[in-house]
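Take a look at the model below. Then read on for a short report on some of its features.

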2 protein chains.
Amino acid sequence: MDTPGAGLGYLRGYNDALVVGLARTMPEFDRASVAAATGLTPQAVSKVLARLVAEGLIEPGGVRRRGVGKPATIYRIVAASRFAIGVHVARTRVRLVLTDLLGSVLAGSSQPLPADFTPDELLTAVASARAQLLRRHPVDPARIAGLGLGMVGPLDHANGIVRDAHRLRHWHDVPLRELAAARLGVAVHLDKDVTAGVTAEAWRRGRDFRDGVLIMVESGIGAGLWLGGAAYRGAHTNAGEFGHTVVQFDGPRCVCGRSGCLEVLHDAAVARGDVPLAARLLGIGVVNLLQTTDVGHVVLAGADLLRHRAVYVSAVGSAVRSQVPRADWLTVSVSVSALGGDVIAAGAAMQVLNAAYGPPSLGSGPG
Amino acid sequence: MDTPGAGLGYLRGYNDALVVGLARTMPEFDRASVAAATGLTPQAVSKVLARLVAEGLIEPGGVRRRGVGKPATIYRIVAASRFAIGVHVARTRVRLVLTDLLGSVLAGSSQPLPADFTPDELLTAVASARAQLLRRHPVDPARIAGLGLGMVGPLDHANGIVRDAHRLRHWHDVPLRELAAARLGVAVHLDKDVTAGVTAEAWRRGRDFRDGVLIMVESGIGAGLWLGGAAYRGAHTNAGEFGHTVVQFDGPRCVCGRSGCLEVLHDAAVARGDVPLAARLLGIGVVNLLQTTDVGHVVLAGADLLRHRAVYVSAVGSAVRSQVPRADWLTVSVSVSALGGDVIAAGAAMQVLNAAYGPPSLGSGPG
DNA sequence: ACAGTTTAGCAACGCTGTTGCGTTATAGAC
DNA sequence: GTCTATAACGCAACAGCGTTGCTAAACTGT
């Protein structure tokens, strides 16, 4: 990958994204508060706000009187100015959601998938679900920023190619991003399901969520990583293969070839009906992840986890409280995604929004 | 932390750093190759090169004839244009090195530390070792970019405060960066030892080293993380506490309170004289780390590891080859740091260089 | 000697955020 | 009712970034 030089366009995109980011989490804001939060001069903020108003992303709405002096103009984000469609490709069905610029889910639609579905069968199902979705909740097509796909890896995010989707035949080196863009006629984003999921949390929570992970338990265990204010995918889009970290090195053999993987132990406990043990094991894995990445937020998700939601939250929460070294400054929040079972699909949509209205990427190589 | 807006100064710093980064790894280069590598126009590269020549960081040296046409001017980095001093604070001694802009170690100097040394005793030892170092290898003081400190955590990198250095009394909430700057009269950088170490590898290897970890085995096991082209420290400068990840959840109790930590198992094996087992355990931990972070480079370091260097390299290498899912695109390099026992001190020096001549930081929040 | 090719750099330009300062709208005092 | 202090807004000029257009310079090959 090249390390591109930066020009004025990068600057504009970055500062615009900074303001959009503030706008997402503040119900209303004025010029002064943006200037204070960004360090930009009020005059520079005026120019940014003018650009965003021209694009329709924000709108002025009333004034704020703070005693003496001319009242400040108040701005609000226009949630319905942009939309995105997110797709969660699971093993037996595909789930689509429509979100607005705030990341709110407006509507959803599902389609079953044939066993061992092909790329073509997937795209047929997506096209049909999209039509149903937009019938159910019509929006101006010009305002749809694009369509995001979240699915199981391994895949190559940079080039939009599915390498070898786990437990799916017909899915070796499939250039899905291009196929989908051609078939559906929109800009397409392809990423791992868990990375899409953590993007949903980051987009909705804003700048507080600089470092976080999304733990997904749903036919396997994976983690989506958001590190230093951006999705982290690793050198080969393979980061977060959290289920295949060993927590009992002399334990039972896993399908991946290693012994005592978190996933094999967890699934065995679930199979025996011992969900509390499964949740405790997940807690050990989560604390391992915290020791390694030191993130501030752990978000739990996935159909298999949500089925025993209370058990998992309690086990992971107490693991974090008791097994992370005690220090008042070492704070970690543990929660279940507010998006529930839609988090992956919604996150796929928000990856599209993040690409268009989030900070531009640089490939910032060292020195 | 604020998320600062970006101005023209950021742009300049970023593009300058891009070129310095190329210059570090290319023995000689011309305008065209920089333009191709960065995507900047040749004219923009001319301006950057002129700035860097004016600063003395690079110099023109001869021409390159490529057949017909006017020969291209070739440039070289001036290794001796800048220097930095790096300090590795260990439990019983302090090690200083002097490096140049390329990250080459020019000279070293050590001092013993009293048992349970205080901040003041440390700074006295550093001042004395620095005097010795500069007597041994005199350099223009104006060319010394600063002094970096690498030591055991937990600490607060952003504010330069040692929180609770592990197994050291007198080290609670010590504002060491300010104390050292006042005492030594130079710009000071404070970071965890392992983060300094991985910075050394990144600074010397350049843009190939976008994602890598440095594994250090030296009175404990830790990892320094370099993710996405920058040091990754986590939300509380506590990332990389790799020794306290559990690899045998029903294993023996560790000092940290958890059971079956990598470190407690590893140290027990070493204590029994079973270094091969210790190395195998480290290999399991390294593969766990790879599953989580998917980095392209694993660098081994630390006095306890170097003592049995061949055993560790072989065990970790074969673990990576046999336990990471086989795929031709999933390439990981495993090596021992070429800097040997100086990697932490040298890395602390390179953190200073990276701050001054590496890419400026943004705190790029999402959206 | 000349043509063709490649590199270097001056000058004008568009765009970024910044600075200086005049304009506008309010609350409070007279 | 009028005036003054205050706070926010925004026009205009500006410095500095990379870009574009073009000319000059330095080489090889004919």
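## Around DNA strand C

DNA strand C has 29 residues around it, and T41(A), A44(A), G69(B), K70(B) and T73(B) come nearest. A residue is near a strand if its C-beta atom, placed from the backbone, lies within 6 Å of it. Two or more residues each come from α1 (8-25) and α3 (42-55) of chain A, and from α2 (31-38), α3 (42-55) and β3 (72-77) of chain B. Helices (H or I, at least four residues) and strands (E, at least two) are DSSP runs, numbered from the N terminus.

By class, this surface near DNA strand C has eleven nonpolar, ten polar and eight charged residues. Ala, Val, Leu, Ile, Met, Phe, Trp, Tyr, Cys and Pro count as nonpolar; Asp, Glu, Lys and Arg count as charged; the others, Gly among them, count as polar.

This is a predicted model: local features need pLDDT of at least 70, side-chain atom pairs count only at pLDDT 80 or more, and totals for chains, interfaces and linings use all residues. Residues are numbered from 1 along each chain as its sequence is written, while chains are lettered from A and ligands numbered from 1 in the order in which they are written.

## Around DNA strand D

DNA strand D is surrounded by 29 residues, and R31(A), G69(A), K70(A), A44(B) and K70(B) are the closest. At least two residues each come from α2 (31-38), α3 and β3 (72-77) of chain A, and from α1 (8-25) and α3 of chain B. The classes here are eleven nonpolar, ten polar and eight charged residues.

## A buried valine

V19(A) sits in helix α1 of chain A. Is V19(A) buried or exposed? V19(A) is buried, because 25 other C-beta atoms lie within 10 Å; the cut-off for buried is 20 or more, for exposed 12 or fewer, and partly exposed lies in between, with C-beta atoms placed from the backbone.

Beyond its neighbours within four places in sequence, V19(A) is in contact with V34(A), V48(A) and L52(A). Contact means C-beta atoms, placed from the backbone, within 7 Å.

## A five-stranded sheet

In chain A, five strands form an open, mixed sheet in the order β14-β13-β12-β15-β16. Its edge strands, β14 (230-232) and β16 (333-336) of chain A, each pair on one side only. Strands pair if DSSP finds at least two bridges between them. Strand β15 (residues 297-301) of chain A pairs with β16(A) in the parallel sense over four bridges. V298(A) has V334(A) in β16(A) as its bridge partner.

Conventions. Two residues are in contact if their C-beta atoms, placed from the backbone, lie within 7 Å.
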